[in-house]
Amino acid sequence: MNKKFCDILFYLICATLCFVDIPTFLRCEFVFGSISSKLAFYPLFVALVYTLYCQLRYKNVFVDWNKFKWFVYIYIALTIVSIIWGLYSFPYWQELLDVTNLKSSHRYQMIHNLLQACGFNISYEWVQKFLLGSYPLRTFLKNFFYSFGTAYMVYCWYKTDWQRGFKVMMVGCMIGLFIVMAYGILDIFYLAHSQTATELLKLINPYIHEICTNHGWWPPLLGHNGLRSVFAEPCFLGAWSTFVIPFLLFGALITKKLGYKILNVFVLTFFFFEMFLTQSRSCIAVLFVEVLFICLCIVWQYKKEFIKKVIMLTGIVAIAFSFCILFYDKYMYSQVNNSTMTNSSLYLYVDNNFNSMVGTDKRSNGARWAMTCADLQTFKDSPVFGVGVFFRNSYIDHKFPQWALSINEVVNWIKYHRGKGSSYPELTEYSSRLANYGIVGFILFFFPLMFVYFKFLKKCYQRQSSLQEIVCLTGFTGLLAVGVAYKFSNLIGYYCLLGMAYAVLYGKKPNPTEL
(Lines give C-alpha, C1' and ligand atoms only; values in the text may rest on other atoms or scores of the structure.)
Protein backbone atom coordinates (compact mmCIF):
# COMPACT_ATOMS: atom_id res chain seq x y z
CA MET A 1 0.00 0.00 0.00
CA ASN A 2 1.31 3.40 -1.02
CA LYS A 3 1.22 5.58 2.11
CA LYS A 4 1.59 8.84 0.16
CA PHE A 5 -1.39 7.94 -2.03
CA CYS A 6 -3.43 7.19 1.12
CA ASP A 7 -2.44 10.56 2.57
CA ILE A 8 -3.54 12.36 -0.62
CA LEU A 9 -6.92 10.60 -0.54
CA PHE A 10 -7.35 11.43 3.14
CA TYR A 11 -6.48 15.09 2.47
CA LEU A 12 -9.18 15.15 -0.23
CA ILE A 13 -11.77 13.45 1.98
CA CYS A 14 -11.25 15.86 4.89
CA ALA A 15 -11.02 18.95 2.67
CA THR A 16 -14.32 18.20 0.87
CA LEU A 17 -16.39 17.26 3.92
CA CYS A 18 -18.02 20.70 3.80
CA PHE A 19 -19.78 19.94 0.49
CA VAL A 20 -22.65 17.82 1.82
CA ASP A 21 -25.39 18.41 -0.78
CA ILE A 22 -23.83 18.82 -4.23
CA PRO A 23 -26.15 19.41 -7.22
CA THR A 24 -27.82 16.46 -8.94
CA PHE A 25 -25.78 16.78 -12.14
CA LEU A 26 -22.59 16.10 -10.11
CA ARG A 27 -23.98 12.98 -8.41
CA CYS A 28 -24.05 9.29 -9.35
CA GLU A 29 -27.26 8.38 -7.52
CA PHE A 30 -28.16 5.64 -10.00
CA VAL A 31 -25.03 3.73 -8.95
CA PHE A 32 -24.28 4.91 -5.39
CA GLY A 33 -27.57 6.28 -4.07
CA SER A 34 -28.05 9.29 -1.81
CA ILE A 35 -24.52 9.16 -0.34
CA SER A 36 -23.24 10.45 -3.69
CA SER A 37 -24.69 13.84 -2.70
CA LYS A 38 -21.57 14.32 -0.55
CA LEU A 39 -18.49 15.41 -2.48
CA ALA A 40 -16.21 13.62 0.01
CA PHE A 41 -17.80 10.33 -1.04
CA TYR A 42 -15.85 10.22 -4.31
CA PRO A 43 -12.32 10.23 -2.84
CA LEU A 44 -13.71 7.99 -0.08
CA PHE A 45 -14.97 5.49 -2.64
CA VAL A 46 -11.55 5.41 -4.32
CA ALA A 47 -9.93 4.96 -0.90
CA LEU A 48 -12.20 2.03 0.04
CA VAL A 49 -11.70 0.29 -3.31
CA TYR A 50 -7.93 0.82 -3.12
CA THR A 51 -7.84 -0.56 0.44
CA LEU A 52 -9.80 -3.68 -0.54
CA TYR A 53 -7.58 -4.18 -3.57
CA CYS A 54 -4.39 -3.98 -1.48
CA GLN A 55 -5.85 -6.32 1.14
CA LEU A 56 -6.84 -8.91 -1.48
CA ARG A 57 -3.49 -8.70 -3.25
CA TYR A 58 -1.01 -8.23 -0.39
CA LYS A 59 -2.98 -9.48 2.65
CA ASN A 60 -1.31 -6.90 4.91
CA VAL A 61 -3.73 -3.96 5.18
CA PHE A 62 -6.35 -5.12 7.70
CA VAL A 63 -5.22 -5.00 11.33
CA ASP A 64 -6.90 -6.35 14.46
CA TRP A 65 -9.70 -7.80 12.32
CA ASN A 66 -10.34 -10.56 14.88
CA LYS A 67 -11.21 -7.87 17.43
CA PHE A 68 -13.54 -5.93 15.16
CA LYS A 69 -15.21 -8.76 13.26
CA TRP A 70 -17.50 -9.74 16.14
CA PHE A 71 -18.96 -6.26 16.28
CA VAL A 72 -19.48 -6.36 12.50
CA TYR A 73 -21.16 -9.78 12.58
CA ILE A 74 -23.40 -8.96 15.54
CA TYR A 75 -24.34 -5.53 14.14
CA ILE A 76 -25.27 -6.93 10.73
CA ALA A 77 -27.10 -9.98 12.16
CA LEU A 78 -29.24 -8.00 14.60
CA THR A 79 -30.01 -5.30 12.02
CA ILE A 80 -31.21 -8.00 9.61
CA VAL A 81 -33.43 -9.33 12.40
CA SER A 82 -34.75 -5.79 12.87
CA ILE A 83 -35.54 -5.50 9.15
CA ILE A 84 -37.26 -8.90 9.05
CA TRP A 85 -39.31 -7.98 12.12
CA GLY A 86 -40.20 -4.66 10.51
CA LEU A 87 -41.42 -6.45 7.37
CA TYR A 88 -43.39 -9.00 9.36
CA SER A 89 -45.14 -6.49 11.62
CA PHE A 90 -45.64 -3.70 9.08
CA PRO A 91 -49.36 -2.71 9.04
CA TYR A 92 -49.41 -0.01 6.34
CA TRP A 93 -48.60 -1.87 3.12
CA GLN A 94 -51.30 -0.30 0.98
CA GLU A 95 -50.41 3.21 2.09
CA LEU A 96 -46.74 2.52 1.38
CA LEU A 97 -47.54 1.21 -2.09
CA ASP A 98 -49.62 4.30 -2.84
CA VAL A 99 -46.90 6.67 -1.63
CA THR A 100 -44.03 4.95 -3.45
CA ASN A 101 -46.06 4.87 -6.68
CA LEU A 102 -46.06 8.67 -6.59
CA LYS A 103 -42.30 8.91 -7.13
CA SER A 104 -41.02 5.49 -8.19
CA SER A 105 -43.73 3.87 -10.30
CA HIS A 106 -41.73 4.37 -13.51
CA ARG A 107 -38.77 2.50 -12.01
CA TYR A 108 -40.89 -0.40 -10.79
CA GLN A 109 -42.73 -0.55 -14.10
CA MET A 110 -39.43 -0.68 -15.99
CA ILE A 111 -38.21 -3.61 -13.88
CA HIS A 112 -41.57 -5.37 -14.24
CA ASN A 113 -41.48 -4.95 -18.04
CA LEU A 114 -37.92 -6.27 -18.13
CA LEU A 115 -38.92 -9.39 -16.18
CA GLN A 116 -41.89 -9.92 -18.45
CA ALA A 117 -39.63 -9.63 -21.52
CA CYS A 118 -37.35 -12.27 -20.01
CA GLY A 119 -40.26 -14.68 -19.68
CA PHE A 120 -41.01 -14.25 -15.96
CA ASN A 121 -44.76 -13.96 -15.46
CA ILE A 122 -44.71 -11.98 -12.21
CA SER A 123 -47.35 -9.50 -11.13
CA TYR A 124 -46.48 -5.81 -10.83
CA GLU A 125 -47.59 -5.72 -7.18
CA TRP A 126 -45.28 -8.63 -6.27
CA VAL A 127 -42.33 -6.89 -7.95
CA GLN A 128 -43.14 -3.71 -6.06
CA LYS A 129 -43.40 -5.46 -2.68
CA PHE A 130 -40.21 -7.42 -3.26
CA LEU A 131 -38.22 -4.31 -4.17
CA LEU A 132 -39.66 -2.36 -1.24
CA GLY A 133 -38.96 -5.24 1.13
CA SER A 134 -35.36 -5.62 -0.03
CA TYR A 135 -34.67 -1.87 0.01
CA PRO A 136 -33.99 -1.64 3.78
CA LEU A 137 -31.40 -4.44 3.62
CA ARG A 138 -29.67 -2.97 0.57
CA THR A 139 -29.63 0.48 2.14
CA PHE A 140 -28.29 -0.79 5.45
CA LEU A 141 -25.46 -2.87 3.95
CA LYS A 142 -24.40 0.01 1.69
CA ASN A 143 -24.46 2.56 4.51
CA PHE A 144 -22.63 0.20 6.87
CA PHE A 145 -19.86 -0.27 4.32
CA TYR A 146 -19.43 3.47 3.83
CA SER A 147 -19.73 4.36 7.52
CA PHE A 148 -18.02 1.88 9.81
CA GLY A 149 -16.03 0.67 6.82
CA THR A 150 -14.55 4.18 6.64
CA ALA A 151 -13.71 4.15 10.35
CA TYR A 152 -11.97 0.77 10.06
CA MET A 153 -10.09 1.88 6.93
CA VAL A 154 -8.69 4.97 8.71
CA TYR A 155 -7.72 2.80 11.67
CA CYS A 156 -5.88 0.34 9.40
CA TRP A 157 -4.09 3.13 7.54
CA TYR A 158 -2.77 4.97 10.58
CA LYS A 159 -2.62 2.67 13.59
CA THR A 160 1.17 2.30 13.35
CA ASP A 161 1.71 6.00 12.64
CA TRP A 162 -1.31 7.84 14.00
CA GLN A 163 0.60 11.11 14.49
CA ARG A 164 0.96 11.24 10.70
CA GLY A 165 -2.73 10.48 10.17
CA PHE A 166 -3.71 13.08 12.77
CA LYS A 167 -1.65 15.70 10.96
CA VAL A 168 -3.16 14.76 7.59
CA MET A 169 -6.68 15.00 9.01
CA MET A 170 -5.89 18.32 10.65
CA VAL A 171 -4.46 19.86 7.46
CA GLY A 172 -7.36 18.52 5.38
CA CYS A 173 -9.91 20.00 7.79
CA MET A 174 -8.05 23.33 7.73
CA ILE A 175 -8.24 23.39 3.91
CA GLY A 176 -12.00 22.86 4.20
CA LEU A 177 -12.15 25.56 6.87
CA PHE A 178 -10.54 28.14 4.59
CA ILE A 179 -12.99 27.21 1.80
CA VAL A 180 -15.92 27.75 4.18
CA MET A 181 -14.46 31.00 5.54
CA ALA A 182 -13.69 32.38 2.08
CA TYR A 183 -17.15 31.60 0.71
CA GLY A 184 -18.64 32.97 3.93
CA ILE A 185 -17.21 36.40 3.04
CA LEU A 186 -19.70 36.54 0.16
CA ASP A 187 -22.48 35.80 2.64
CA ILE A 188 -21.23 38.57 4.93
CA PHE A 189 -21.47 41.12 2.11
CA TYR A 190 -24.87 39.69 1.13
CA LEU A 191 -26.12 40.17 4.71
CA ALA A 192 -24.73 43.70 4.53
CA HIS A 193 -27.06 44.26 1.53
CA SER A 194 -24.39 44.24 -1.20
CA GLN A 195 -26.11 43.82 -4.56
CA THR A 196 -22.89 42.49 -6.14
CA ALA A 197 -22.57 39.75 -3.50
CA THR A 198 -26.25 38.90 -3.92
CA GLU A 199 -25.89 38.45 -7.68
CA LEU A 200 -22.71 36.37 -7.24
CA LEU A 201 -24.46 34.07 -4.75
CA LYS A 202 -27.40 33.64 -7.13
CA LEU A 203 -24.94 32.67 -9.85
CA ILE A 204 -22.69 30.34 -7.83
CA ASN A 205 -25.01 28.65 -5.30
CA PRO A 206 -26.70 26.30 -7.84
CA TYR A 207 -23.20 24.83 -8.50
CA ILE A 208 -22.48 24.39 -4.77
CA HIS A 209 -25.62 22.63 -3.55
CA GLU A 210 -29.14 21.73 -4.62
CA ILE A 211 -31.73 24.51 -4.90
CA CYS A 212 -35.45 24.18 -4.04
CA THR A 213 -35.57 20.39 -4.43
CA ASN A 214 -37.30 19.44 -1.16
CA HIS A 215 -40.96 20.43 -0.67
CA GLY A 216 -40.59 22.86 -3.56
CA TRP A 217 -38.66 25.49 -1.60
CA TRP A 218 -35.68 24.00 0.29
CA PRO A 219 -32.79 24.72 0.10
CA PRO A 220 -33.49 28.36 -0.86
CA LEU A 221 -31.32 30.10 -3.42
CA LEU A 222 -30.22 32.66 -0.81
CA GLY A 223 -29.97 32.34 2.95
CA HIS A 224 -32.42 34.14 5.21
CA ASN A 225 -30.92 36.46 7.85
CA GLY A 226 -28.01 34.13 8.55
CA LEU A 227 -24.68 33.11 7.09
CA ARG A 228 -24.55 29.59 5.62
CA SER A 229 -21.42 29.67 3.40
CA VAL A 230 -21.25 26.56 1.15
CA PHE A 231 -23.97 24.77 3.11
CA ALA A 232 -27.64 24.47 2.23
CA GLU A 233 -28.62 25.52 5.75
CA PRO A 234 -26.73 27.27 8.60
CA CYS A 235 -27.17 24.34 11.02
CA PHE A 236 -25.20 22.15 8.60
CA LEU A 237 -22.22 24.42 9.19
CA GLY A 238 -22.58 23.71 12.91
CA ALA A 239 -22.63 19.94 12.34
CA TRP A 240 -19.54 20.12 10.10
CA SER A 241 -17.71 22.34 12.59
CA THR A 242 -17.94 19.70 15.34
CA PHE A 243 -14.84 17.95 14.02
CA VAL A 244 -13.13 21.09 12.64
CA ILE A 245 -13.16 23.29 15.76
CA PRO A 246 -11.12 20.82 17.88
CA PHE A 247 -8.35 20.74 15.25
CA LEU A 248 -8.44 24.53 14.97
CA LEU A 249 -8.12 24.86 18.76
CA PHE A 250 -5.35 22.25 18.80
CA GLY A 251 -3.36 24.37 16.34
CA ALA A 252 -3.87 27.45 18.53
CA LEU A 253 -2.68 25.59 21.63
CA ILE A 254 0.56 24.21 20.16
CA THR A 255 1.59 27.26 18.10
CA LYS A 256 4.75 28.90 19.43
CA LYS A 257 6.01 31.21 16.65
CA LEU A 258 4.68 34.77 16.84
CA GLY A 259 3.60 34.88 13.18
CA TYR A 260 1.58 31.67 13.52
CA LYS A 261 0.08 32.93 16.79
CA ILE A 262 -1.21 36.07 15.08
CA LEU A 263 -2.58 34.03 12.17
CA ASN A 264 -4.30 31.60 14.56
CA VAL A 265 -5.92 34.42 16.52
CA PHE A 266 -7.22 35.98 13.29
CA VAL A 267 -8.56 32.68 11.91
CA LEU A 268 -10.24 31.75 15.20
CA THR A 269 -11.83 35.19 15.59
CA PHE A 270 -13.07 35.35 12.01
CA PHE A 271 -14.45 31.80 11.96
CA PHE A 272 -16.23 32.24 15.30
CA PHE A 273 -17.59 35.55 13.97
CA GLU A 274 -19.01 33.67 10.98
CA MET A 275 -20.47 31.00 13.26
CA PHE A 276 -22.30 33.64 15.30
CA LEU A 277 -23.56 35.22 12.06
CA THR A 278 -25.32 31.95 11.13
CA GLN A 279 -27.92 32.60 13.85
CA SER A 280 -28.14 28.81 14.01
CA ARG A 281 -28.73 27.65 17.56
CA SER A 282 -27.06 24.29 16.97
CA CYS A 283 -24.05 26.06 15.44
CA ILE A 284 -23.72 28.41 18.40
CA ALA A 285 -24.25 25.55 20.85
CA VAL A 286 -21.44 23.52 19.22
CA LEU A 287 -19.09 26.49 19.47
CA PHE A 288 -19.71 27.02 23.19
CA VAL A 289 -19.78 23.31 24.09
CA GLU A 290 -16.50 22.50 22.34
CA VAL A 291 -14.58 25.60 23.42
CA LEU A 292 -15.76 25.19 27.02
CA PHE A 293 -15.04 21.45 27.03
CA ILE A 294 -11.50 21.70 25.61
CA CYS A 295 -10.70 24.57 27.99
CA LEU A 296 -11.84 22.51 31.00
CA CYS A 297 -9.85 19.50 29.82
CA ILE A 298 -6.73 21.60 29.23
CA VAL A 299 -6.96 23.32 32.64
CA TRP A 300 -7.53 19.98 34.39
CA GLN A 301 -4.79 18.14 32.49
CA TYR A 302 -2.06 20.75 32.16
CA LYS A 303 -3.02 23.31 34.81
CA LYS A 304 -0.82 26.42 34.47
CA GLU A 305 0.96 25.34 31.29
CA PHE A 306 -1.86 26.48 29.00
CA ILE A 307 -3.86 28.80 31.25
CA LYS A 308 -2.86 31.88 29.22
CA LYS A 309 -4.11 30.26 26.01
CA VAL A 310 -7.37 29.26 27.67
CA ILE A 311 -7.89 32.90 28.64
CA MET A 312 -7.00 33.86 25.06
CA LEU A 313 -9.63 31.46 23.64
CA THR A 314 -12.26 32.88 25.96
CA GLY A 315 -11.35 36.39 24.84
CA ILE A 316 -11.53 35.42 21.17
CA VAL A 317 -15.06 34.06 21.60
CA ALA A 318 -16.09 37.30 23.35
CA ILE A 319 -14.53 39.46 20.62
CA ALA A 320 -16.15 37.43 17.82
CA PHE A 321 -19.53 37.72 19.54
CA SER A 322 -19.09 41.48 19.97
CA PHE A 323 -18.29 41.90 16.26
CA CYS A 324 -21.41 39.87 15.43
CA ILE A 325 -23.63 42.12 17.57
CA LEU A 326 -22.13 45.24 16.00
CA PHE A 327 -22.69 43.79 12.52
CA TYR A 328 -26.33 42.93 13.16
CA ASP A 329 -26.87 46.23 14.91
CA LYS A 330 -25.81 48.06 11.75
CA TYR A 331 -27.29 45.85 9.03
CA MET A 332 -30.11 43.74 10.45
CA TYR A 333 -31.73 44.43 13.81
CA SER A 334 -31.79 48.21 13.45
CA GLN A 335 -34.24 47.69 10.57
CA VAL A 336 -36.41 45.39 12.65
CA ASN A 337 -36.90 47.56 15.72
CA ASN A 338 -36.13 50.93 14.07
CA SER A 339 -33.30 51.44 16.53
CA THR A 340 -29.52 51.65 16.27
CA MET A 341 -28.81 50.93 19.93
CA THR A 342 -26.37 48.06 20.38
CA ASN A 343 -28.01 46.94 23.63
CA SER A 344 -31.27 46.40 21.73
CA SER A 345 -29.40 44.31 19.14
CA LEU A 346 -27.79 42.30 21.93
CA TYR A 347 -31.19 41.63 23.49
CA LEU A 348 -32.71 40.60 20.16
CA TYR A 349 -29.80 38.31 19.31
CA VAL A 350 -29.81 36.62 22.72
CA ASP A 351 -33.59 36.23 22.68
CA ASN A 352 -33.62 34.83 19.14
CA ASN A 353 -30.66 32.46 19.48
CA PHE A 354 -30.28 31.60 23.17
CA ASN A 355 -33.64 32.04 24.87
CA SER A 356 -35.38 30.40 21.90
CA MET A 357 -33.66 27.09 22.69
CA VAL A 358 -36.29 26.59 25.38
CA GLY A 359 -40.00 26.31 24.66
CA THR A 360 -41.96 24.63 21.87
CA ASP A 361 -43.32 27.94 20.55
CA LYS A 362 -39.92 29.35 19.50
CA ARG A 363 -38.65 29.18 15.90
CA SER A 364 -38.62 25.55 14.67
CA ASN A 365 -38.86 24.03 18.17
CA GLY A 366 -42.51 23.06 17.74
CA ALA A 367 -41.91 21.10 14.54
CA ARG A 368 -38.78 19.44 15.96
CA TRP A 369 -40.57 18.44 19.14
CA ALA A 370 -43.52 17.13 17.12
CA MET A 371 -41.19 14.93 15.05
CA THR A 372 -39.43 13.73 18.20
CA CYS A 373 -42.79 12.80 19.77
CA ALA A 374 -43.81 10.96 16.58
CA ASP A 375 -40.50 9.06 16.58
CA LEU A 376 -40.91 8.06 20.22
CA GLN A 377 -44.49 6.92 19.63
CA THR A 378 -43.21 4.83 16.71
CA PHE A 379 -40.49 3.42 18.97
CA LYS A 380 -43.17 2.31 21.45
CA ASP A 381 -44.73 0.13 18.73
CA SER A 382 -41.53 -1.90 18.47
CA PRO A 383 -39.12 -0.99 21.27
CA VAL A 384 -36.69 -3.92 20.91
CA PHE A 385 -35.88 -4.01 17.18
CA GLY A 386 -37.61 -0.87 15.91
CA VAL A 387 -39.92 -0.69 12.92
CA GLY A 388 -37.10 -1.06 10.40
CA VAL A 389 -35.38 1.59 8.32
CA PHE A 390 -37.54 2.89 5.44
CA PHE A 391 -40.81 1.85 7.13
CA ARG A 392 -40.57 4.72 9.62
CA ASN A 393 -42.28 7.15 7.19
CA SER A 394 -45.52 5.19 7.19
CA TYR A 395 -45.60 5.02 11.00
CA ILE A 396 -44.74 8.71 11.44
CA ASP A 397 -47.69 9.61 9.24
CA HIS A 398 -50.00 8.29 11.98
CA LYS A 399 -48.02 9.32 15.08
CA PHE A 400 -48.06 13.13 15.14
CA PRO A 401 -49.74 14.48 18.29
CA GLN A 402 -52.93 16.43 17.71
CA TRP A 403 -51.39 19.76 18.72
CA ALA A 404 -48.71 19.36 16.04
CA LEU A 405 -51.27 19.44 13.21
CA SER A 406 -51.58 23.21 13.59
CA ILE A 407 -47.87 23.79 12.88
CA ASN A 408 -47.25 24.86 9.28
CA GLU A 409 -44.00 22.92 8.92
CA VAL A 410 -45.66 19.69 10.08
CA VAL A 411 -48.63 20.30 7.78
CA ASN A 412 -46.23 20.70 4.84
CA TRP A 413 -44.38 17.49 5.76
CA ILE A 414 -47.66 15.56 5.74
CA LYS A 415 -48.81 17.24 2.53
CA TYR A 416 -45.65 16.41 0.60
CA HIS A 417 -45.43 12.89 2.00
CA ARG A 418 -48.99 11.98 1.04
CA GLY A 419 -49.07 13.99 -2.17
CA LYS A 420 -45.59 13.45 -3.60
CA GLY A 421 -44.08 10.57 -1.65
CA SER A 422 -41.47 12.72 0.15
CA SER A 423 -39.81 11.23 3.22
CA TYR A 424 -40.25 12.69 6.68
CA PRO A 425 -36.99 14.29 7.91
CA GLU A 426 -34.90 12.64 10.59
CA LEU A 427 -34.20 15.67 12.76
CA THR A 428 -32.39 14.07 15.70
CA GLU A 429 -29.96 11.19 15.89
CA TYR A 430 -31.47 9.73 19.03
CA SER A 431 -35.22 9.54 18.49
CA SER A 432 -35.01 8.59 14.80
CA ARG A 433 -32.53 5.79 15.53
CA LEU A 434 -34.78 4.44 18.28
CA ALA A 435 -37.73 4.45 15.88
CA ASN A 436 -35.80 2.76 13.06
CA TYR A 437 -33.71 0.22 14.97
CA GLY A 438 -35.11 0.00 18.50
CA ILE A 439 -33.06 -0.17 21.68
CA VAL A 440 -30.88 -2.99 20.32
CA GLY A 441 -29.82 -1.06 17.22
CA PHE A 442 -29.43 2.11 19.29
CA ILE A 443 -26.96 0.45 21.68
CA LEU A 444 -25.04 -1.24 18.86
CA PHE A 445 -24.62 2.00 16.91
CA PHE A 446 -23.38 4.02 19.88
CA PHE A 447 -21.18 1.29 21.36
CA PRO A 448 -18.01 2.07 19.30
CA LEU A 449 -18.37 5.79 20.03
CA MET A 450 -19.05 5.45 23.76
CA PHE A 451 -16.32 2.83 24.22
CA VAL A 452 -13.57 5.12 22.93
CA TYR A 453 -15.21 8.20 24.49
CA PHE A 454 -15.10 6.83 28.03
CA LYS A 455 -11.57 5.48 27.47
CA PHE A 456 -10.41 9.01 26.61
CA LEU A 457 -12.49 10.56 29.39
CA LYS A 458 -10.90 8.23 31.94
CA LYS A 459 -7.40 9.08 30.72
CA CYS A 460 -8.21 12.78 30.87
CA TYR A 461 -9.51 12.42 34.43
CA GLN A 462 -6.28 10.66 35.37
CA ARG A 463 -4.27 13.45 33.66
CA GLN A 464 -2.71 10.98 31.22
CA SER A 465 -4.17 12.29 27.95
CA SER A 466 -2.20 13.67 25.04
CA LEU A 467 -3.54 16.81 23.36
CA GLN A 468 -4.54 14.67 20.36
CA GLU A 469 -6.74 12.52 22.61
CA ILE A 470 -8.37 15.65 24.05
CA VAL A 471 -9.05 16.85 20.49
CA CYS A 472 -10.85 13.57 19.68
CA LEU A 473 -12.75 13.73 22.95
CA THR A 474 -13.85 17.31 22.22
CA GLY A 475 -15.02 16.38 18.72
CA PHE A 476 -17.15 13.52 20.05
CA THR A 477 -18.61 15.77 22.75
CA GLY A 478 -19.68 18.24 20.07
CA LEU A 479 -21.20 15.46 17.98
CA LEU A 480 -23.18 14.12 20.93
CA ALA A 481 -24.47 17.64 21.57
CA VAL A 482 -25.42 18.33 17.94
CA GLY A 483 -27.16 14.94 17.77
CA VAL A 484 -30.10 16.49 19.62
CA ALA A 485 -30.88 18.59 16.52
CA TYR A 486 -29.06 16.78 13.70
CA LYS A 487 -28.45 13.25 12.42
CA PHE A 488 -24.67 13.10 12.74
CA SER A 489 -24.50 9.50 11.48
CA ASN A 490 -24.86 11.06 8.00
CA LEU A 491 -21.51 12.81 8.43
CA ILE A 492 -18.55 11.08 6.77
CA GLY A 493 -16.33 13.17 9.06
CA TYR A 494 -17.75 11.39 12.10
CA TYR A 495 -16.44 8.02 10.89
CA CYS A 496 -13.07 9.52 9.92
CA LEU A 497 -12.75 10.91 13.45
CA LEU A 498 -13.91 7.61 14.96
CA GLY A 499 -11.27 5.64 13.04
CA MET A 500 -8.58 8.17 13.98
CA ALA A 501 -9.62 8.01 17.64
CA TYR A 502 -9.14 4.22 17.71
CA ALA A 503 -5.76 4.63 16.00
CA VAL A 504 -4.75 7.15 18.68
CA LEU A 505 -6.03 4.87 21.44
CA TYR A 506 -4.40 1.64 20.27
CA GLY A 507 -1.38 2.98 18.38
CA LYS A 508 1.98 4.04 19.78
CA LYS A 509 1.48 5.51 23.26
CA PRO A 510 2.84 9.06 23.43
CA ASN A 511 4.08 10.84 26.50
CA PRO A 512 1.11 12.63 28.22
CA THR A 513 2.68 16.00 27.38
CA GLU A 514 3.69 15.09 23.82
CA LEU A 515 2.33 17.61 21.33
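This is a predicted model: local features need pLDDT of at least 70, side-chain atom pairs count only at pLDDT 80 or more; totals for chains, interfaces and linings use all residues.
Is glutamate 199 buried or partly exposed?

Hello, and thanks for coming.

Glutamate 199 is partly exposed, because its relative accessible area is 40%, and the cut-off for buried is under 20%. Its side chain meets that of lysine 202 in a salt bridge, with 4.0 Å from N to O. Both residues sit in helix 8, which covers residues 195-204, and they are three residues apart, about one turn of the helix. Lysine 202 counts as partly exposed too, at 37% relative accessibility.

In general, side chains of opposite charge can pair when their charged atoms come close. How many salt bridges does a search of the whole structure find? The count is 11.

Here is another of them: arginine 164 with aspartate 7, at 2.5 Å from N to O. This pair links distant parts of the chain, since arginine 164 belongs to helix 7 (residues 162-191) and aspartate 7 to helix 1 (residues 3-15), 157 residues apart. Arginine 164 is partly exposed at 28%, whereas aspartate 7 is buried at 10%.

Now look at lysine 459 and glutamate 469, whose closest N and O atoms are 2.6 Å apart in a salt bridge.

Glu426, Glu429, Arg433 and Lys487 are linked in a network of them.

Let's turn to the nonpolar side of the story. In soluble globular proteins, nonpolar side chains tend to be buried together. The largest nonpolar core here has 142 residues, and the members touching the most others are Phe10, Trp240, Phe271, Phe272, Phe476 and Tyr494. Helix 7 supplies the largest share of this core, 15 residues.

Which residues does tryptophan 240 touch, leaving aside those up to four places away in sequence? They are Leu17, Cys18, Gly176, Leu177, Val180, Phe231 and Phe271. There is also a second, separate core of 12 residues, including Met371, Phe400, Trp413 and Leu427.

Technical notes. Residues are numbered from 1 along each chain as its sequence is written. Side-chain values use heavy atoms; hydrogens and water are left out. Helices (H or I, at least four residues) and strands (E, at least two) are DSSP runs, numbered from the N terminus. Buried means under 20% relative accessible area, exposed over 50%, partly exposed in between (1.4 Å probe, protein chains only). A nonpolar core is a set of buried Ala, Val, Leu, Ile, Met, Phe, Trp, Tyr and Cys residues joined through side-chain atoms within 4.5 Å. Contact means heavy atoms within 4.5 Å.
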